[in-house]
Amino acid sequence: MLSAAFNIVGFSWITSPAATELEVIVLDWVAKMLKLPSEFLSAALGGGVIQGTASEAILVVLLSARDRTLRKHGKKSLEKIVVYASDQTHSALKKACQIAGIFPENIRIVKADCSMNYAVTPGAVSEAISIDLSAGLIPFFICATVGTTSSSAVDPLHELGQIAQAHDMWFHIDAAYAGSACICPEYRKYLNGVEEADSFNMNAHKWFLTNFDCSLLWVKDRNYLIQALSTNPEFLKNKASQENSVIDFKDWQIPLGRRFRSLKLWMVLRLYGVENLQSYIRKHIQLAQHFEQLVISDPRFEVVTPRNFSLVCFCLVPPTCEVDNGHKLNYDLMDSANSSGKIFISHTVLSGKFVLRFVVGAPLTEEQHVDAAWKLLQDEATKLLGNVVQ
Ligand code: PLP
């Protein structure tokens, strides 16, 4: 409410020094909570900025990487530059490529490995890069994910980062959902390898108690963002900007105008504090663990991939006579559970299998709600299995 009421349009430092400086401060705070390498802090060459969404964060780093590569190889090399990601990467990357003019045939979607719980293997990425290099193409961007949207898989950051470094490529890590968990020391391991990254994003509006929109992006070298995205029209010139003594966040994002979003994040950090935010995350993960145990205890169901955070991927095991690998059975279970109006679960498809997804992420969820959801799923499963000819 405060952020809306102040109605700040803080594109340059001069338009609201407080909005800009608070953003620098709170992004440094969260970077320290996540134990990001010091290069990502504002005191070094890097720094953090609040974008509207992860999609925008990915787009701005892709544009920066494209700009860096075209400066090195010449403008005409646009048709040769190639992006690498796994088939579990969020579609935001594909959209960013469409907007950034990356040739559709230059987007390498490497199949994630089901034996690695749907993380991509470094070998598969290396192989794709070698093939492209021998065809005279220019690999320039790798996007890894910590907490994929379908199954919360974690890509091998360190290895992918090394590959990116070896080929002078930009390495981005998208941790839109799971990044929040990494403020807990026991989950920080999922960010090991972030030292190799050029940029990292996490959505405070997903699992960090902050209202939409508030997507946090850090870069190791802010000059790449500024080179790619800055404009300097006469009507925006002012002493502070010209002296280069301040940050103008207009040069770190797509639009010119921007909201006072740092106030929302500042409020969350001051209101809860690090320990309360950590317990909030831990509680959700414990509730998800509890749900996972309930699934394991009923032989009619199975957990499809090991759970990393607060998402459980599971399914109702189809009777042997089912020809569609349980697709219809699980679709019907989801549909009947959601039609009850009592819970809402979503689905994905992994290795051709229809998978149900249960996630804990709401501030008021308690164990009794998880138990009630599970009971509902069990009852609906009993009805459905009763209808299936065994
Ligand atoms: N990346 C990941 C891993 C996500 O899970 C999501 C959303 O679910 C996104 C990106 C896109 O987020 P946004 O809506 O903030 O663009």
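Q: Which residue in β11 does valine 312 stand opposite?
A: The model is a predicted one. In it, β9 and strand β11 (residues 353-359) pair in the antiparallel sense. Within β11, the residue opposite valine 312 is phenylalanine 358.

Q: How many bridges join strand β8 to β9?
A: Strand β8 covers residues 301-303 and runs antiparallel to β9. Glutamate 302 has cysteine 315 of β9 as its bridge partner. The number of bridges that join β8 to β9 is three.

Q: Which residues point the other way from Leu311, Cys313 and Cys315 in β9?
A: In a regular strand, side chains alternate between the two faces of the sheet. Strand β9 spans residues 311-316, and six of its six residues are buried. Leu311, Cys313 and Cys315 point one way, and the residues that point the other way are Val312, Phe314 and Leu316.

Q: Is lysine 206 buried, partly exposed or exposed?
A: Lysine 206 lies in helix α7 (residues 204-207). Its relative accessibility is 44%. Buried requires a value under 20% and exposed a value over 50%, with partly exposed in between. Because of its 44% value, lysine 206 counts as partly exposed.

Q: Leaving aside neighbours within four places in sequence, which residues is lysine 206 in contact with?
A: An unreviewed UniProt entry places the feature "modified residue: N6-(pyridoxal phosphate)lysine" at Lys206. Once the neighbours within four places in sequence are set aside, the contacts of lysine 206 are Ala176 and Tyr177.

Note on methods: Residues numbered from 1 in each chain as written. Predicted model: local features only at pLDDT ≥ 70, side-chain atom pairs only at ≥ 80, totals over all residues. Heavy atoms only, no water. UniProt positions renumbered as here; feature names shortened; annotations may be inferred. Helix = DSSP H or I, 4+ residues; strand = E, 2+ residues; numbered from the N terminus. Buried < 20%, exposed > 50% of the residue type's maximum accessible area, 1.4 Å probe, protein only. Contact = heavy atoms within 4.5 Å. Pairing = 2+ DSSP bridges.
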